[in-house]
Amino acid sequence: MASHAQEAQKWSFRITPIRVLLMLLSLVAIGVIVFRLVTGLGTVTNLSDEWPWGLWIGFDVLCGVALAGGGYGTALIVHVLHRDYFAPIARSAMLTSLIGYLLVMAGLFLDIGQWFNFWRPFVSWGHSSVLFEVFWCVSCYTTVQILEFGEIATERVGKKFHNIFKKALPVLMIVGIIFPTLHQSSLGGLYLLMVDKLYPLWWSPIIFLFFLISSFFVGPAMICVETTLAGKAYDHWIPIPILRKLVRISAYAMILYLILKIVDLTNRGVLGLAFSGTFEANWFLIEMIFGVIIPIIIAFSGFSNSRSGLLTFGLLVSLGVVLNRMNVVITGMIRSTGVSYIPSAGEFIVSAGLVAMGVLAYCFVVENFRILEHEDHGHAA
Amino acid sequence: MSKGVLVDLTKCVGCGSCTVACKLYNGNEWDDTTPTMGPDAKLNGKNWTVVQFHEVKDSNNQPVWRFVKQQCLHCKEPACASACFAKAFQKTEAGPVIYYPHLCVGCRYCMVACPFNIPKYEWEKAFPLVTKCMMCSGKVEKGEAPACVSVCPADVFKYGDRDALLQEAKDIIAKDSKYVKHIFGEEEVGGTEWIYISDIPFEQLGFKTNVTKRAMPSYTEAYMHATPFVGITWGVILTGLYHYTKRRNQISKENNKNFKA
Ligand code: SF4
Ligand code: SF4
């Protein structure tokens, strides 16, 4: 069906009730965004001196980047290690990642107070700051991803540039793996400075490693969720064995994560806190049990041999990582700030609106470019 | 040698002159919703220094009042400056930690990073800036005491070289047994330019005493130094793997062909 649209060379975008809903949501969000940009952060958000960072940093940026991490993991496996076996998922994983990053950039932009000053760190180098690294890496990586997408885009528009993009691809791929590796860990590195503020179950001298590993293992999980959705919507099914192998790779990373977590907590003598029954402890346990331990069991049991098993795995791990990031930004900080924070309606609307825009963009690209076809079919078309 | 201020909390009478001097010198408006003195005094975008009232028990278990002036502590190695990715916070030789508004992007990482929650934001403005006490850096550069310090009628503050003040503080608490044996700011987060002595344990007066003794930037230094190295090594490894696995696939393909033929 997608190839049909291509042969006709018409831009297509199906309108379904869900999409209308998503469009409405996006519109409302855009309204709130404009209002926020004009009137300031205080009017729309529940942020305060006690809670300078809230939902937008926690969900739009930290979760967004982690969930978009599927791109670099797949690029590593398919394009650097040349495991052609996994090629069928490469393009859609990278597309999700690109859209994810664009949304992260949007989220970041919304969250900064002097938004017309966003370019400042490009010239005023605060290079002792971990945020400096995040800023550079995210900007560069988004650029690289747009260039990578150029290879796909020029199959349809600006065909004469296609060969250039094709030649540049291996270099872009490698650069496009270095950057995410660095900044996925840097996002965790931001919290190294919160040594007396972030609850000890989450603060760790190696929090950057935890962020890096979890961004890696959430990749296949996102692919499981995404391919299920895409499978339903476009009747395009990735063979179960391929996904299952990916899920196994992910599960090995999760085992490593779990071991590191236990060693780290034990070393710092705070393992006991996890079982102390406090508010933080309970959220921590939910995160670890549902987001890490159960998924590992699923990955190595027969359950992962079915679509529903893969979807369960994907959902648990993705939600687990989301919960982890929110725990770092919110749950783990409540004790040290002394007050709690609940995002405002405006903050929720904008976050939901950004996700809606991402879904719409994904649908549009998938329907108009060669994303979901397998490589071998592609040559015939 | 950096300048500092020694605050003797036993002497403060809670008159609030210092908070008035601060407003006047820095041209900050009065904020009707948040007082600069009293039990509810709170630092915010307009209040760079406040005097908080605390009703506590002294060593004879008698209720007494103590008054605590709060402002930026001007850390020797400030977390805010190491956190800012646009260099909007900078530590000067003379001691003050200064904020340069034109460089600020408004990400508020400085606020999250400060161990004492000092930097505040102008939430009500369309284009808010970060605000905090800058130790009247213009005056300090000239060798003058900050505005708040110079108006105190109760002799609470001593302004001078931090090292000398620290020595003085040590002598005072060694000689007079009413003082608790702790100089707040001597070791906290690697040392601050403002240092405090008191006859009531600091934690009862709202001080954050459970902070690390390490300088805050040291938590990220190693990480930041390692980054370029890790990046380059990783790039070399990836390039190697790219060529190796490509070649390996080719060989196996050729082998397969030969085999079939
Ligand atoms: S107290 Fe906070 S704002 Fe003041 S210098 Fe230290 S880190 Fe910076
Ligand atoms: S809010 Fe401004 S001063 Fe604070 S870290 Fe961000 S750019 Fe720097």
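Predicted model: local features only at pLDDT ≥ 70, side-chain atom pairs only at ≥ 80, totals over all residues.
Which residues of chain B does UniProt list for "binding site"? The unreviewed entry lists Cys84(B), Cys104(B), Cys107(B) and Cys110(B).

Attention now turns to the helices, beginning with chain A. Helix α10 of chain A covers residues 207-234, which makes 28 residues. From its first C-alpha to its last, α10(A) reaches 39 Å, close to the 40 Å expected at 1.5 Å a residue. The helix does have a kink of about 30 degrees, placed at Gly219(A), shortly before the proline Pro220(A). Is α10(A) largely enclosed or largely open? Of its 28 residues, 21 are buried, so the rest of the structure largely encloses this helix. After α10(A) comes Asp235(A), whose phi is positive, near 50 degrees. As a reminder for reading such a helix, an α-helix has 3.6 residues a turn, so residues three or four places apart point the same way.

The unreviewed UniProt entry lists residues 222-244 of chain B for "transmembrane region". In the model this span is 100% helix and 0% strand, and its end C-alpha atoms lie 32 Å apart.

Over all chains, the structure holds 19 of them. One joins the side chains of Glu50(A) and Lys42(B), with 3.5 Å from N to O. This pair crosses between chains: Glu50(A) belongs to the loop between α3 (41-44) and α4 (55-67) of chain A, and Lys42(B) to the loop between β2 (37-38) and β3 (50-57) of chain B. Both partners are partly exposed, Glu50(A) with a relative accessible area of 27% and Lys42(B) at 42% relative accessibility.

A second salt bridge, at 2.7 Å from N to O, brings together the side chains of Arg66(B) and Asp199(B). Arg66(B) is part of strand β4 (residues 63-70), whereas Asp199(B) lies in the loop between β10 (194-197) and α7 (218-260), so the pair ties together parts of chain B that are 133 residues apart in sequence. Arg66(B) and Asp199(B) are both buried.

Glu168(B) and Lys158(B) form another salt bridge, with a distance of 3.4 Å from N to O. Here the pair ties together parts that are 10 residues apart in sequence, because Glu168(B) lies in helix α6 (residues 162-175) and Lys158(B) in strand β9 (residues 157-161) of chain B. Glu168(B) is partly exposed at 28% relative accessibility, and Lys158(B) is partly exposed with a relative accessible area of 30%. Finally, in chain A, salt bridges that share partners link Arg91(A), Glu151(A), Glu155(A) and Arg370(A) into one network.

Terms used. Residues numbered from 1 in each chain as written. Chains lettered and ligands numbered in written order. Heavy atoms only, no water. Helix = DSSP H or I, 4+ residues; strand = E, 2+ residues; numbered from the N terminus. Expected span 1.5 Å × (residues − 1). Bend = angle between axes of the 7 residues up to and from the residue. Buried < 20%, exposed > 50% of the residue type's maximum accessible area, 1.4 Å probe, protein only. UniProt positions renumbered as here; feature names shortened; annotations may be inferred. Salt bridge = Lys/Arg side-chain N within 4 Å of Asp/Glu carboxyl O.
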